[in-house]
Amino acid sequence: MDIFLQQIINGLTLGSVYAIVALGYTMVYGIIQLINFAHGEVVMIGAMVAYSVIVALVGAGAPLPPLAIVLCGALAAIPVCMAVGFTLERVAYRPLRRAPRLAPLITAIGLSIILQHLAMIVWSRNPLPYPQVIQSVSYHVTGNPNGATITNVQIAIICMSVLLMAGLTTLVYRTKLGIAMRATAQNQQVAGLMGIDINKVIALTFVIAGGLGSVAGVMVGTYYGIAHYQMGFLLGLKAFSAAVLGGIGNLAGAMLGGLLLGIIEALGAGYVGDITDLCRFASWSDALAARCASGEHVVLFGSNYQDVFAFIVLIVVLVFRPSGLLGERVSDRA
Amino acid sequence: MRALVDTKGHPVLVWVGLALVGLALVALPFALAGIGTAWVRITNLAILFVFLALGLNIVVGFAGLLDLGYIAFYAVGAYAYALLASPHFGIHLPFWVILPIGAAIACLFGVLLGAPTLKLRGDYLAIVTLGFGEIVRIFLNNLSQPVNITNGPQGVTLIDPLRIGTFSFRDTDTFAGLAFTGPVKYYYFLLVVLLAIIVINLRLQDSRIGRAWEAIREDEVAARAMGINTRNMKLLAFAMGASFGGIAGGMFSAMQGFISPESFILIESIMVLAMVVLGGMGNVWGVIVGALLLSFAPEVLRYTVEPAQQALFGRMLVEPEVIRMLLFGFALVLMMLFRPAGLLPSATRKRELEVRR
């Protein structure tokens with residue numbers, strides 16, 4: 001039970017990061033029906049910029065509390081990622097808005113490769129150890145002293161995500177910009193006739209998505225203690241799966257999908273080894289029994305398959321409910 | 001092709017031209033071997049990439065479906081060959097048995113992957129194939145436990161070369177005073193297969209199936225209204241592309257004699273896509289040019305960028321490998337922005353990829 005609780009906590013942490021990244025995908029998709037393939041790279045750039053700032057601050061011996069140092073890193077990363085998001089839209093997507101669907105997808109992939117390798121040139125080919133400025137403190141969730149724990153970093157990540165989600169929801173549903181965004185998403189031409197500057201609204205959507213992505217990048221870096229120029233790829237793919245799970249184009253869906261995917265992944269990685277342990281079938285085969293008797297665990301799929309779960313979720317959702325949990329129907333050519 | 005072999009106008013000239021091209025292709029490996037055997041190997045790999053690009057062209061160019069995990073089919077073919085012709089399992093089947101098996105398995109994977117996703121919008125397919133490529137790599141890396149199937153990250157070694165009876169493609173034979181080294185023999189083999197694949201592609205493009213693909217690519221609703229079974233046709237494109245990848249993978253295994261999951265990472269898929277896009281989606285000759293250009297680019301870069309940087313800065317600032325990747329990225333972006341139909345555009349594709357204003 002404690003292991004279960006622990007996995008749920010880990011899953012929630014991971015899931016709130018996925019949710020923030022998924023929001024970036026879903027906002028862009030909601031407004032121009034385009035998968036921003038390069039969004040994972042924006043997250044990576046966020047993590048890298050924050051890394052540099054944090055390392056510089058720590059190196060300079062700045063007399064700041066640890067949390068403030070990480071916040072400084074995030075604050076430096078946000079404008080950079082916003083600028084990257086803006087540039088992506090301006091350079092690669094706006095000229096192709098009326099082109100066939102294939103075209104912006106291909107440019108997005110190209111940009112993603114370019115961003116990755118530029119990051120590699122600027123930072124490093126090797127994984128960068130994220131400075132652990134925040135002393136990790138574990139709190140027991142239950143009374144059991146050996147039971148599930150939650151660290152202060154995990155609490156910070158979850159709280160930060162909730163704040164961001166609440167902020168974004170307010171922005172989209174309570175402000176004028178939000179109304180403009182929703183109008184543009186429904187019908188660009190009519191929105192334009194109503195006096196909305198569509199280009200500005202779409203650019204702002206990319207900027208907001210970039211900002212969210214940068215914060216997610218800082219979270220991932222701090223949580224895993226590592227940053228790598230290729231980290232955005234898998235993260236982006238998982239976050240996209242989360243967005244599809246929740247129903248792409250739907251803000252609440254992205255949040256729900258992110259959290260669910262995080263939990264599925266954590267539980268999957270935690271239990272797949274036990275579930276596929278062949279030793280319970282040891283009576284079926286002598287060779288198997290011999291291997292198990294020597295204390296070896298004959299595991300069919302271990303936790304090294306953790307990354308597969310997101311794709312299985314993605315494929316299962318696409319087969320059985322392509323609209324996702326909360327989304328509208330996605331048909332072939334809507 | 002039709003234009004190339006249309007001998008009505010100048011029968012003699014065209015045949016002379018073709019004969020010259022043929023002679024050049026036949027003599028090429030010996031000229032390259034003069035520079036160094038490595039260049040023959042590089043050429044062989046370039047031809048393999050032409051296979052891959054032509055296979056992906058069926059999916060992306062003809063049918064207009066974006067497949068970002070294409071290298072996974074290559075991996076499936078390569079591993080099928082490696083496992084059925086190496087001491088790893090102690091199985092040594094001849095290549096004409098394994099290559100079709102590899103193609104069939106790759107085709108099966110293609111259908112399995114395509115069936116659930118092809119009824120959805122194209123961008124979902126792109127993401128799912130991307131994920132699929134990653135899954136295949138994860139499995140290849142981890143299927144050494146509990147039963148050793150793929151030998152994990154170490155890969156499979158000592159893979160049999162292509163062999164017909166006692167004639168092995170790995171050994172050097174002397175024939176009429178000329179030394180035929182392994183790579184040279186592979187070159188001729190690949191050349192023959194390449195010709196066959198080009199002919200298949202050209203015939204396919206002009207066939208009923210090819211026209212159906214084109215119709216789907218341009219307007220799916222209209223195509224369906226014309227009585228084309230769009231789902232089956234898309235599935236067929238996907239399966240055919242996959243089996244081409246499988247065959248190329250098998251030959252890669254045989255040529256290299258060693259494979260590991262490292263050879264089948266996402267970047268390779270992107271590279272093949274860049275070849276197709278650069279050359280011109282849907283145009284067989286364009287795709288060949290694109291594949292050759294991008295295959296030789298890293299070698300050219302190695303011999304130009306390194307000395308140039310040494311001379312300018314006194315040390316290596318940016319490795320040629322990175323420049324190559326940036327080149328792929330920029331090729332994708334710039335081609336889509338400024339010449340969306342590729343270097344050698346196919347006429348219909350050009351018309352359709354122009355931004356509608």
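Helices (H or I, at least four residues) and strands (E, at least two) are DSSP runs, numbered from the N terminus, and this tour uses those names throughout. The model is predicted, so local features need pLDDT of at least 70 and side-chain atom pairs count only at pLDDT 80 or more, while totals for chains, interfaces and linings use all residues. Residues are numbered from 1 along each chain as its sequence is written, and chains are lettered from A and ligands numbered from 1 in the order in which they are written.

**Stop 1**

Most residues other than glycine have a negative phi. Asn151(B), however, has a positive phi near 65°, and the phi of Leu158(B) is positive too, near 55°.

**Stop 2: a residue in helix α10 of chain B**

Thr117(B) is 118 residues from Leu235(B) in sequence, and the two are 9.8 Å apart in space, C-alpha to C-alpha.

**Stop 3: two crossing helices in chain B**

Now select residues 70–84 of chain B, helix α4, together with residues 230–256, helix α10, and look at their axes, which come within 6 Å and cross at roughly 45°. That angle makes α4(B) oblique to α10(B), since angles under 35 degrees count as roughly parallel, over 145 as roughly antiparallel, 65 to 115 as roughly perpendicular and the rest as oblique. Axes here are lines fitted to C-alpha atoms, for helices over the stretch in contact, and angles run from 0 to 180 degrees between N-to-C directions. Among the residues that make the contact are Phe73(B) and Tyr81(B) of α4(B), and Ile247(B) and Phe252(B) of α10(B). By class, this contact of α4(B) with α10(B) has 14 nonpolar, six polar and no charged residues, where Ala, Val, Leu, Ile, Met, Phe, Trp, Tyr, Cys and Pro count as nonpolar, Asp, Glu, Lys and Arg as charged, and the others, Gly among them, as polar.

**Stop 4: a helix in chain A**

Go to helix α6 of chain A, residues 176–186, and colour its buried residues, Ala180(A), Met181(A), Thr184(A) and Ala185(A). Seen down the axis of α6(A), these buried residues fall within an arc of 135°, so they line one face of the helix; the arc is that of the directions from the helix axis to the C-beta atoms. On the other side of α6(A), Lys176(A) and Gln186(A) are exposed. What covers the buried residues includes α1 (2–32), α5 (152–174), α7 (188–193) and α8 (198–224) of chain A.

**Stop 5: where the chains meet**

Finally, show both chains, whose contact takes 42 residues from chain B and 42 residues from chain A. On the side of chain B that touches chain A, α6(B) gives the most, with 11 residues.

Terms used: Two residues are in contact if their C-beta atoms, placed from the backbone, lie within 7 Å. A residue is buried if 20 or more other C-beta atoms lie within 10 Å of its own, exposed if 12 or fewer, and partly exposed in between; C-beta atoms are placed from the backbone.
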